[in-house]
Amino acid sequence: MQQAHFDAVIVGAGHNGLVAAAYLAKAGRRVLVLERLGHVGGLAISAPVFPGVDVRLSRYAYLVSLLPRKIIDDLGLGIELRHRRFASYTPVGGTGLLVDTSDAGRTAASFAAVTGGHRDFEAWERFYGMVAEVARRVAPTLLEPLRDRAGLRAVVGDDEAWRDLFERPIGEEVAERFGDDTVRGVVLTDALIGTFADPATDLRANRCFLYHVIGDGTGLWKVPVGGMGAVTGALADAARRAGAEIRTGREVVAIDPDTGEVTFRDGAEHTVTAEKVLANLPPARLARLLGEERRAPEGSQIKINMVLARLPRLKDPAVDPAEAFSGTFHINEGRDRLAAAHAQASEGRIPEVPPAEVYCHSISDPSILGPSLRTSGAHTMTLFGLHMPARLFTGPEAKEEAVRRTIASLNSVLAEPIEDCLLRTPDGEPCLEAKTPADLEQEVGLPGGHIFHEDLAWPYAEPGDLGPWGVETEHPRILLCGAGAKRGGGVSGIPGHNAAMAVLG
């Protein structure tokens with residue numbers, strides 16, 4: 001029997017694979033998308049998690065920053081990304097540091113209350129003014145062929161900014177610019193999301209920081225209305241409208257890089273061939289499908305999803321909990337706490353006071369709650385914990401201890417225990433689930449539980465790169481189109497776009 005042949009077979013129907021499929025199908029290519037799971041979207045999905053509780057949680061990925069407006073417009077995506085007025089709140093004793101993007105005076109007063117003066121607020125404005133200009137200049141290049149290091153430096157056009165963000169460890173820069181430990185920590189958290197690094201010495205933290213502040217030229221983190229599944233649902237619709245064929249429940253088990261033959265199973269075994277195979281997979285998983293070896297990366301985070309019957313009370317009477325939890329709520333993330341947690345995890349110990357951050361999607365977007373919960377005062381709460389590398393999770397007892405300590409860390413900055421606020425299922429179980437790197441590897445196939453597939457790369461061409469788009473591999477038929485490509489990581493669609501452009505020439 002003759003094998004079906006496609007211009008492109010895309011392995012994995014996560015958001016990047018769907019972006020690539022939509023662009024290629026719109027260009028008239030015959031496209032097949034194969035997905036192991038029974039649904040599209042990969043980790044960018046919304047789902048009911050707790051039995052009998054009418055809430056659609058963004059279970060894994062939960063905010064959008066990097067997704068370019070150009071991709072939204074090109075593909076006709078009918079999605080709404082809602083701006084968060086309050087960027088962050090950091091409790092400090094009986095007060096806290098509130099960053100209100102619509103009221104600079106209130107933000108300045110909050111800095112003064114926490115730091116004892118205005119020096120750090122002025123430094124904050126200067127630093128993020130510089131970052132904003134770098135974001136404005138660099139973001140458009142992410143959808144273009146790679147420039148080399150000198151070319152991107154010319155785009156940045158500011159030698160001081162280049163030195164401070166690309167060449168000098170971000171921890172050194174933050175220590176020099178800011179005097180207050182809390183302020184330093186707020187800046188450094190963007191350098192550590194999903195990245196196990198010491199920002200005082202390790203430029204991987206700089207790369208992580210860049211990807212967290214340059215999104216779509218503004219760096220703003222936005223709430224996807226309807227949950228993350230609304231984004232990938234719109235992408236799947238766009239791909240299908242353009243003519244792409246998407247098959248779920250099909251696990252790819254082998255790829256022949258010479259012939260473009262892709263073998264997959266859906267109970268029986270099948271093969272198709274393609275001119276190009278686009279892998280929306282971690283590079284370590286792609287290597288296994290090609291019969292090659294590649295060292296697995298190490299993820300570093302814990303994610304705890306909760307549904308609350310009500311928002312918890314704060315120690316700070318001047319801030320409404322709805323303000324504090326609508327943005328990023330920092331928990332024991334001062335610079336010194338971050339350093340202590342990194343040192344303890346490096347020694348193979350779960351941090352004594354885990355640094356973490358939470359936010360409540362439902363404050364900005366109540367549509368993810370069922371009607372009765374919406375009127376009851378219930379809310380979702382997402383916690384993301386730092387410095388929890390995969391090496392710590394050697395058994396279920398390690399996960400239990402990490403969750404216990406993380407919840408204790410959260411409680412230490414609240415006026416009441418979060419346990420008193422948790423909604424319960426009809427069976428009386430608290431609405432709380434935790435995902436460690438080990439869980440992500442076992443449940444969704446991320447090697448080492450690395451949320452970016454592997455460590456983030458600089459957004460410019462380097463020696464050894466195999467092509468102009470940062471998606472090419474040593475096999476001409478095989479392209480990366482997932483987060484492990486250059487300029488990957490996060491919910492962005494950028495690698496999917498760039499892989500499609502590499503195919504279309």
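**Domain arrangement and selected contacts**

In this predicted model, the protein chain is divided into domain 1, which comprises residues 5–44 + 226–297 + 452–504, and domain 2, which comprises residues 81–223 + 298–444. The centres of domain 1 and domain 2, taken over C-alpha atoms, are separated by 29 Å. To the contact between them, domain 1 contributes 27 residues and domain 2 contributes 33 residues. About 2400 Å² of area is buried between domain 1 and domain 2, and carbon and sulfur atoms give 66% of this area.

The polar side of this interface was examined next. Between domain 1 and domain 2 there are 12 residue pairs in polar contact, counted where both residues have a pLDDT of 80 or more. On the side of domain 1 that touches domain 2, the largest share comes from helix α18 (residues 494–504), which supplies 3 residues. When that side of domain 1 is sorted by class, 14 of its residues are nonpolar, 7 are polar and 6 are charged. The count of salt bridges between domain 1 and domain 2 is 1. A salt bridge is formed by the side chains of aspartate 455 and arginine 204, with a distance of 3.1 Å from N to O.

Valine 225 was then considered in its surroundings. This residue is placed in the loop between strand β8 (222–224) and helix α10 (228–242). Although valine 225 and aspartate 365 are 140 residues apart in sequence, their C-alpha atoms are 5.8 Å apart in space. When residues up to four places away in sequence are not counted, valine 225 touches Asp365 and Ser367, together with Glu80, Arg82 and Ala230.

A further contact was examined between two helices. Two packed helices are described by the distance between their axes and by the angle between those axes. For helix α6 (residues 159–167) and helix α7 (residues 170–177), the axes come within 7 Å and cross at roughly 115°. The residues that meet are Glu160, Asp164 and Leu165 in α6, and Ile170, Glu173 and Arg177 in α7. By class, this contact of α6 with α7 has 2 nonpolar and 4 charged residues, with no polar residues.

Note on methods: Residues are numbered from 1 along each chain as its sequence is written. This is a predicted model: local features need pLDDT of at least 70, side-chain atom pairs count only at pLDDT 80 or more; totals for chains, interfaces and linings use all residues. Side-chain values use heavy atoms; hydrogens and water are left out. Axes are lines fitted to C-alpha atoms, for helices over the stretch in contact, and angles run from 0 to 180 degrees between N-to-C directions. Helices (H or I, at least four residues) and strands (E, at least two) are DSSP runs, numbered from the N terminus. Contact means heavy atoms within 4.5 Å. Ala, Val, Leu, Ile, Met, Phe, Trp, Tyr, Cys and Pro count as nonpolar, Asp, Glu, Lys and Arg as charged, and the others, Gly among them, as polar. Domain bounds come from an automatic or database domain assignment. Buried area is the accessible area (1.4 Å probe) that two parts lose on being put together, summed over both. A salt bridge is a side-chain nitrogen of Lys or Arg within 4 Å of a carboxyl oxygen of Asp or Glu. A polar contact is a pair of N or O atoms within 3.5 Å; within protein, one must be able to donate a hydrogen and the other to accept it, and residues adjacent in sequence count only if both atoms are side-chain atoms.
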